[in-house]
Amino acid sequence: MAQPARDFTEKLEMVKSLLTASTMSVAFTGAGVSTLSGIPDFRSSKGVYSSKWQGYDVEEVLSISFFRRRPDLFYRWGNEFMYQLEQSTPSIIHTLLAVLEEKGYLHGLFTQNIDMLHTKAGSKKCWEIHGSAKHHSCTNCNAHYPYEQIAPIVRKGEVPHCTKCQAVIRPDIVFYGESLDASVLTRAVEMFTASKLCIVLGSSLVVQPAASLPSYALSHGAKLVIVNAQSTTYDSAAAVRFTDLAEVGEALLPWAEGLRKRTALVPSP
Ligand SMILES: [Zn+2]
């Protein structure tokens with residue numbers, strides 16, 4: 001729903017003052033930020049590609065048991081959705097967050113997305129809680145392989161195999177049925193708990209850990225800003241609430257680019 005112009009401007013000013021006043025700001029991004037870059041929200045049941053793929057639910061294709069059973073089918077799915085990522089470019093939100101970090105106004109970024117677009121945009125203090133397609137490893141000897149080496153094999157319609165032991169290679173993403181990286185989760189809880197400002201972009205905050213991270217911030221008095229098309233359970237707790245990611249990005253990016261670089265007010269985590 002479109003916001004009345006004055007209301008939008010007022011809310012923007014609030015976000016700007018929150019960002020400049022906060023000494024510890026964290027952001028959390030979900031699939032909505034990637035869809036701005038043309039990447040389908042393939043994990044969501046409400047996503048564009050929610051219909052079955054070759055007769056399988058996407059949740060099944062992305063489960064560890066399916067990958068172990070049918071790596072060939074996983075990589076055929078991946079050829080359509082995961083191994084064309086070099087064609088995607090960062091959206092205005094990816095760029096905005098990278099600029100805010102570079103200027104010293106964003107101290108940590110956690111994302112559910114596996115598409116590497118935050119790092120492509122220049123974000124450095126970025127933690128990918130579901131892993132990313134950047135790293136791959138051998139399911140037997142754990143030898144590491146970069147995306148650039150694996151993607152051409154997948155695009156030829158082949159399953160990548162380890163050059164050392166011939167076992168199947170897997171992407172270092174968190175499949176359904178696997179646990180999240182405990183060290184990343186610990187870092188997220190620490191940073192959200194210490195934050196003064198928490199900005200959620202493009203996530204409906206339904207699945208864990210997204211569903212609980214804002215509560216760590218709120219319980220210690222942090223302000224919450226939510227930018228998401230759909231409603232979330234935290235909307236009533238948000239100091240500022242927007243629905244249109246692109247509109248917010250376009251309004252904030254020129255402002256962020258004009259900010260004076262701030263020296264670190266808190267030690268780097
Ligand atoms: Zn191997």
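This is a predicted model: local features need pLDDT of at least 70, side-chain atom pairs count only at pLDDT 80 or more; totals for chains, interfaces and linings use all residues.
Helix α5 spans residues 71–81, and its buried residues are Phe74, Tyr75, Trp77 and Gly78. They cover an arc of only 160 degrees around the axis, so they sit on the same side of α5. An α-helix has 3.6 residues a turn, so residues three or four places apart point the same way. Asp72 and Glu80 are exposed, on the face of α5 turned away from its buried side.

**Domains**

The chain is divided into two domains, each built from separate segments.

| Domain | Residues |
|---|---|
| Domain 1 | 1–39 + 90–130 + 180–269 |
| Domain 2 | 42–87 + 131–173 |

The centres of domain 1 and domain 2, taken over C-alpha atoms, are separated by 28 Å. Six residues from domain 1 and eight residues from domain 2 make the contact. On the domain 1 side, the residues touching domain 2 are three nonpolar, one polar and two charged.

**Tyr216**

Tyr216 lies in helix α10, residues 213–218. Is Tyr216 buried or exposed? Tyr216 is buried, because 20 other C-beta atoms lie within 10 Å, and the cut-off for buried is 20 or more. Leaving aside residues up to four places away in sequence, Tyr216 touches Val189, Phe192 and Thr193. Ser195 is 21 residues from Tyr216 in sequence, and their C-alpha atoms are 8.8 Å apart in space.

Technical notes: Residues are numbered from 1 along each chain as its sequence is written. Helices (H or I, at least four residues) and strands (E, at least two) are DSSP runs, numbered from the N terminus. A residue is buried if 20 or more other C-beta atoms lie within 10 Å of its own, exposed if 12 or fewer, and partly exposed in between; C-beta atoms are placed from the backbone. Two residues are in contact if their C-beta atoms, placed from the backbone, lie within 7 Å. The arc is that of the directions from the helix axis to the C-beta atoms. Domain bounds come from an automatic or database domain assignment. Ala, Val, Leu, Ile, Met, Phe, Trp, Tyr, Cys and Pro count as nonpolar, Asp, Glu, Lys and Arg as charged, and the others, Gly among them, as polar.
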